[in-house]
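Open the model in your viewer and keep the selection panel ready. The stops below go one at a time.

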Amino acid sequence: MRDRILRILQTYRKNGIRIGTIGSHSALNILKGARDEGFETVCICREKERFVYENFGVADHIIQVENFRDLLLEDVQRKLIDLNTILIPHGSYNAYIGSLYNLNVPVFGNRVLMEWETVREKQREWLENSGLKLPKVYSSPDEINGLAIVKYPGARGGKGYFIASSRDDFYRKAEELVKRGVISEEDVENAHIQQYILGVPVYFSFFYSAVNDRVELIAVDRRYESNVDGIGRIPADEQIQTGIIPTYTIVGNIPLVVRESLLSRILRDGERVYRHSKRIAEPGMVGPFCLESIIDENGEIYYFEISARIVAGSSVGIPASPYSYVLFGENMYMGRRIAREIRLGIEKDMLEEMVF
Ligand code: AMP
Ligand code: AMP
């Protein structure tokens, strides 16, 4: 497949490359970043969101589709290739398209690692083998011993996740959530049950640059989730009386700066994850990746997820996060960092090391 993609890339006019993505998730970040680095942009969007990308004026070319899976249609791929497009994958590719192996359009980043990211067990293997600390996993509800968080396969943005303190509590809440239509019976059967870490969630958006041969910390954020972040807005009495089961549907993200003495471990962990990625799939991580953590009262960092692509939370860093500003001394954010790498890749004849 690699050869096929590289052959297509070789047909591209190097001074006419365009950067494209699906209109959702972090497209504003990606397309604006491409524009800031002097690229024309292509947005593949549905009719219902088209006006968003027109309204913000970030798309030079719009390819309208019925649904995002149409990205795989031959005529859509043809149009993208004719426009010399390099695609930037994000969370909507996982959620709506799945495997990118049937996509012939050149993609920025390592497709094998993006595939790994979609399977929780593989994520875990990657993080563990990198030497990071992870929450324990309970292989069945019977094993729950202390607070546990219940999740489901795939990128679901926290929808229907809940907390259980025992086997009985698990079944009681799962049944109730199924009754309320929040989750399905199948979700309950395939639930992924993890030790709940009491602490605060912190998400690190890194970028591995082949040009600079280094891991860069571009932004840090935390999530804003309904209704777990909303429950504190009503008094404890009402929380109990109404039988609320707080879940974790993502609504947005909030920028963050971490205590500086944590940075030595955070940067080291980003580096370790990069190094181990080379053992999973050569040449390893290319471009953006995110480590998702909970930090407890002792400053222990537990990593519960990795994303091998741009995450939506990195948009808190537009036009610069404190970290990217210190690193670059100019406005720099994930979408722009990707486009900068592609621009330097073209100038230094390194594009083939970045595109898969
Ligand atoms: P959407 O098109 O908003 O449904 O997003 C596509 C996928 O990305 C879904 O799985 C969402 O849960 C996930 N997603 C979107 N925005 C965010 C965000 N800010 N943080 C985490 N996940 C997100
Ligand atoms: P995820 O979809 O896996 O990114 O997780 C969604 C939400 O669940 C985030 O707000 C996390 O902070 C929270 N979360 C996930 N795993 C854990 C855990 N092991 N302990 C505590 N909170 C967690």
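## Salt bridges and a surface patch

This predicted model holds 29 salt bridges. Side chains of opposite charge can pair when their charged atoms come close. Several stops below show such pairs.

**Overview.** Domain 1 covers 2–107. Domain 2 is written in two segments, 120–133 and 198–332. Domain 3 spans 137–195. Now show the C-alpha centres of domain 1 and domain 3: they lie 36 Å apart.

**Stop 1: K32 and D36.** Select both side chains. They form a salt bridge, with the closest N and O atoms 3.8 Å apart. Why is the separation about one helical turn? K32 and D36 are four residues apart in helix 2 (residues 27–36), so about one helical turn separates them. Check the accessibility next. K32 is partly exposed, because its relative accessible area is 39%. D36 also counts as partly exposed, at 33% relative accessibility.

**Stop 2: E305 and R120.** Move to this pair. The side chains meet in a salt bridge, 3.5 Å from N to O. The two residues are 185 residues apart and link distant parts of the chain. Show E305 in strand 13 (residues 301–307) and R120 in helix 7 (residues 120–129). Are E305 and R120 buried or exposed? E305 is buried, and R120 is buried too.

**Stop 3: R214 and E216.** Select these two side chains. Their salt bridge has an N to O distance of 2.8 Å. R214 counts as partly exposed, because its relative accessibility is 32%. E216 is buried, because its relative accessible area is 0%.

**Stop 4: a network.** Which residues are linked in a network of salt bridges? Select E37, E330, R336, R340, R343 and E347 together. Salt bridges link these residues in a network.

**Stop 5: a nonpolar patch.** Select M1, Y101 and V112. They form a nonpolar patch there, with about 230 Å² of accessible area together. Then pick out V112, which is found in helix 6 (residues 111–117). V112 counts as partly exposed, because its relative accessibility is 33%.

**Last view.** Show the K32 and D36 salt bridge again, then the E305 and R120 salt bridge.

Notes
Residues numbered from 1 in each chain as written. Chains lettered and ligands numbered in written order. Predicted model: local features only at pLDDT ≥ 70, side-chain atom pairs only at ≥ 80, totals over all residues. Heavy atoms only, no water. Patch = residues over 30% accessible without salt bridge, like charges linked within 9 Å, V, L, I, M, F, W, Y side chains within 5 Å. Areas by Shrake-Rupley, 256 points an atom, 1.4 Å probe, with all protein chains shown as cover. Salt bridge = Lys/Arg side-chain N within 4 Å of Asp/Glu carboxyl O. Buried < 20%, exposed > 50% of the residue type's maximum accessible area, 1.4 Å probe, protein only. Domains from an automatic or database assignment.
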